[in-house]
Amino acid sequence: MHLSRFPRLHLAHLPTPLEHMPRLSKELGTDIWIKRDDCTGMSTGGNKTRKLEFLMAEAEAQGADVVMTQGATQSNHARQTAAFAAKLGMDCHILLEDRTGYNNANYNTNGNVLLDHLHGATTEKFPGGHDMVAEMERAAEMLRAEGRKVYVIPGGGSNPTGALGYVNCAMELLGQVNDRGLKVDRIVHATGSSGTQAGLVTGLCAMNANIPLLGIGTRAPQPKQEQMVYDLAVKTAEKLGCPGVVRREDVAANTDYVGEGYGLPTEAGIEAIRIFAELEGILLDPVYSAKGASGLIDLARKGEFKDQRVVFLHTGGAVGLFGYDFAFDHADRWVNV
């Protein structure tokens, strides 16, 4: 696949490491590796950096002077978009939707929100349930009326342009496992707005990798999640010039670990954060990577990955922990001396 046909900014720290997790593997009785896409760079890194290399290059090619996107209050995508805009000298406007109802001060002003503002972005806040696509178009039209050239990025950067970042990741990962002589039986990651999974499955199918990909859902019910991923994968394959390479059966999502809703931490997710931090020194976030990891851990405990080598793709977002401090109880960690 000739990805250099498409405009791209080379700002990410690539390739990201592929590391063995020996202590977690021993704990779960499964050979587990981790693809460190929390190390992509640009404001603490995360999976959106790969997408934004293509999206922001397209914005630059179109002569944009302001970029706009939307997401939840503690959106990793918003933070990384703001960082890219700062790097490129563009203005950035972010529409944040309250999808949790949390009134906690840290949740609303710390973590990703703090970094949004440090990078110079302006923000608007909306109650949950808004039509955020319509709100973005409203805001964009107001700026266009002022003579601004606006580039609008969908939530999560999840469109065929953004998905190219994870087509590239599939190529990168396959090269790493081939170079090391590793046979990988499964790839597992958190899936939300669908761009990461759609790009990965498109890349893996186009290269005939024969590695099943499992997305652990963080928001939508399974039928909706899988359909979103498949629809975007189809469009991504068409953009690449290989239509039909992804079949519906190539798309798999498990949405048993969402809990009460998007952005709401689960007990299993908090346990996953502790396990990764205490066994491997790796930080997860409560919204995405922890729920993906909780699925990985539970399925491994149930024997789903028996005698398999699994790669967990870390989508980043640990800065969000500072907005979710209320979800953790560290009373047992204090000692009197």
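Strand 3 (66-72), helix 3 (76-88), helix 6 (132-145) and helix 9 (222-240) each give at least two residues to the lining of the largest pocket in this predicted model. The space in that pocket comes to about 600 Å³. Its lining has 29 residues, and Q70, R99, G155, S193 and R219 are the closest to the centre of the pocket.

**Pockets**

- Sorted by class, the lining of the largest pocket has 13 polar, 11 nonpolar and 5 charged residues.
- The second largest pocket holds about 290 Å³ of space.
- This second largest pocket is lined by 16 residues, and those closest to its centre are C205, N210, I211, R247 and D250.
- Helix 8 (residues 195-206) provides 4 residues, the largest share of the lining of the second largest pocket.
- In the lining of the second largest pocket, 11 residues are nonpolar, 3 are charged and 2 are polar.

**Cavities**

- Rolling a probe the size of a water molecule over the atoms shows where empty space is left.
- In the whole structure, a search finds 2 cavities of 30 Å³ or more.
- The volume of the largest cavity is about 120 Å³.
- There are 13 residues in the lining of the largest cavity, and N47, K48, A190, T196 and Y288 lie nearest its centre.
- Helix 2 (48-61) and strand 7 (186-191) are elements that each supply at least two residues of this lining.
- The lining of the largest cavity contains 9 polar, 2 nonpolar and 2 charged residues.
- For the second largest cavity, the volume is about 40 Å³.
- The residues that line the second largest cavity are A72, Q74, S75, R99, T100, Y107, Y262, G263, V287 and Y324.
- By class, 5 residues in the lining of the second largest cavity are nonpolar, 4 are polar and 1 is charged.

**A pair of helices**

- Helix 7 (residues 160-180) packs against helix 9 at an angle of about 85 degrees, and the axes are 9 Å apart.
- Because of this angle, helix 7 is roughly perpendicular to helix 9.
- On the helix 7 side, the contact is made by P160, T161, A163, L164 and V167.
- On the helix 9 side, the contact is made by L232, K235, T236, K239 and L240.
- Of the residues in this contact, 6 are nonpolar, 2 are polar and 2 are charged.

**Domain record**

- An unreviewed UniProt entry lists residues 12-316 as "domain: Tryptophan synthase beta chain-like PALP".
- Across residues 12-316, the chain is 46% helix and 17% strand.
- The end C-alpha atoms of this stretch are 13 Å apart.

**Backbone details**

- Most residues other than glycine have a negative phi, and most peptide bonds are trans.
- The peptide bond that joins L14 and P15 is cis, with omega at about -5 degrees.
- P15 belongs to the segment before strand 1 (18-20).
- M42 is a residue other than glycine with a positive phi, near 65 degrees.
- The loop between strand 2 (31-36) and helix 2 contains M42.

Technical notes
Residues are numbered from 1 along each chain as its sequence is written. This is a predicted model: local features need pLDDT of at least 70, side-chain atom pairs count only at pLDDT 80 or more; totals for chains, interfaces and linings use all residues. Side-chain values use heavy atoms; hydrogens and water are left out. On a 1 Å grid over the protein atoms alone, a cavity is a set of points where a 1.4 Å probe fits but cannot get out, and a pocket is an open set with protein on both sides within 12 Å along at least five of seven lines; lining residues have an atom within 4 Å of a point. Grid points are joined across faces, edges and corners, and a volume is the space filled by probe spheres set on the points. Ala, Val, Leu, Ile, Met, Phe, Trp, Tyr, Cys and Pro count as nonpolar, Asp, Glu, Lys and Arg as charged, and the others, Gly among them, as polar. Axes are lines fitted to C-alpha atoms, for helices over the stretch in contact, and angles run from 0 to 180 degrees between N-to-C directions. Angles under 35 degrees count as roughly parallel, over 145 as roughly antiparallel, 65 to 115 as roughly perpendicular and the rest as oblique. Contact means heavy atoms within 4.5 Å. UniProt positions are given in the numbering used here, feature names are shortened, and annotations may be inferred rather than shown by experiment.
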